[in-house]
Amino acid sequence: MWHKPQLLTALADLLMLVAAAALLAAGAVWLVRVPSLPVKQVVFVAPLEHVRRGEVEQVLPSALRGNFFSLDLEAVRLALEQLPWVRRVQVRRVWPATVEVAVEEHKAVARWGEGYAEMVNSHGEVFAALLPESEMRALPLLSGPPGTGREVLERFAAFNEALAGVGERAVQLSLSPRLAWQLKLENGMRVEIGREHPKSPVGPRLERFVAVYPSMVAGLPVLPTVVDLRYPNGFAMKVAGEGKGK
């Protein structure tokens, strides 16, 4: 082997690589264990509207273990995402001693179900949180079977867009376990739209009612309490104290 310069050169290169790798490994271990690189501050990149400082202080300390390099950023993210108003969190290190946190809070657009502690955010996701009672009551009320939050929210927006043409607004929308739609308008009127049907979709059914609303409904001395759109070629109205009529 001593008479083979190429082999000796290759062996020397290999030993240099092993030494360099060992040095890097030792350096990495030192960086992880050295006590002189603590995390000194946690910075939130934007003000928090609903998440309270006390809630953060309750969940964050247990996740802030280790120094700047050994800190588990995933643990910090998961700890903060436990909080009621937190939808999503991003965490990163900022040299030399800072952890930067970006929190996306839920944006509540409606109450959900019974409307006491659950809401729907702008993505159609149902989440549990609380608002002052006055703010909760100002939100529309949506309900439906589990997993239908996005669909109900999208339908609510579409129905309100149709109603806006006659100056009306929905404040409640429910989807029953049998998948039948029911609206409640701001004026107190209940609109039974019914189930989706290939020959009579719910959207055109409501649009048909909206088209005749100014001439057949708006001018009545007393507005109907219930409007039933579950007919193939018309609808029924019920005024308090009276029977139905098409």
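Here are some notes on the predicted model above, point by point.

1. Ground rules. This is a predicted model, so local features need pLDDT of at least 70 and side-chain atom pairs count only at pLDDT 80 or more, while totals for chains, interfaces and linings use all residues. Residues are numbered from 1 along each chain as its sequence is written, and side-chain values use heavy atoms, with hydrogens and water left out.

2. Overall picture. The protein chain has 6 helices and 13 strands; these are DSSP runs numbered from the N terminus (helices: H or I, at least four residues; strands: E, at least two). Of its 246 residues, 34% count as buried, where buried means under 20% relative accessible area, exposed over 50%, and partly exposed in between (1.4 Å probe, protein chains only). The chain exposes about 15,300 Å², and carbon and sulfur atoms supply 58% of that; areas come from the Shrake-Rupley method with a 1.4 Å probe, and for residues only the protein chains shown count as cover. Among contacts (heavy atoms within 4.5 Å) with a separation of 6 or more, 42% come from residues 24 or more positions apart.

3. The cores. A nonpolar core here is a set of buried Ala, Val, Leu, Ile, Met, Phe, Trp, Tyr and Cys residues joined through side-chain atoms within 4.5 Å. The largest one has 29 residues, and Leu183 and Phe209 touch the most other members. At least two residues of this core come from each of β4 (108-112), α5, β8 (170-175), β9 (180-185), β10 (190-195) and α6 (202-216). Another core, of 24 residues, lies apart from it and includes Leu73, Leu80, Val86 and Val89. Back to Phe209: leaving aside neighbours within four places in sequence, Phe209 is in contact with Met189, Val217, Val227, Leu229 and Phe235.

4. Helix α5. With 16 residues, α5 reaches 22 Å from its first C-alpha to its last, close to the 22 Å expected at 1.5 Å a residue (the expected span is 1.5 Å times one less than the number of residues). Its buried residues are Gly149, Val152, Leu153, Phe156, Phe159, Asn160 and Leu163. Exposed Glu154 and Glu161 sit on the face turned away from the buried side.

5. Which backbone oxygen does the side chain of Thr148 reach? That of Pro145, at 2.6 Å. Thr148 is in the loop between β7 (141-143) and α5 (149-164), and is buried at 11% relative accessible area. Beyond its neighbours within four places in sequence, Thr148 is in contact with Trp112 and Leu175.

6. Backbone spots to look at. Most residues other than glycine have a negative phi, and most peptide bonds are trans. Trp95 and Pro96, though, are joined by a cis peptide bond, with omega about 10°; Pro96 is in the loop between β2 (86-94) and β3 (98-105). Leu179 has a positive phi of about 70° although it is not a glycine. Leu179 is in the loop between β8 and β9 and is partly exposed, at 46% relative accessibility.

7. Arg88. This residue of strand β2 is partly exposed, with a relative accessible area of 45%. The C-alpha atoms of Arg88 and Glu104 are separated by 5.1 Å, with the two residues 16 apart along the chain. Setting aside neighbours within four places in sequence, Arg88 is in contact with Glu81, Ala102, Val103 and Glu104.

Definitions and conventions
A polar contact is a pair of N or O atoms within 3.5 Å; within protein, one must be able to donate a hydrogen and the other to accept it, and residues adjacent in sequence count only if both atoms are side-chain atoms.
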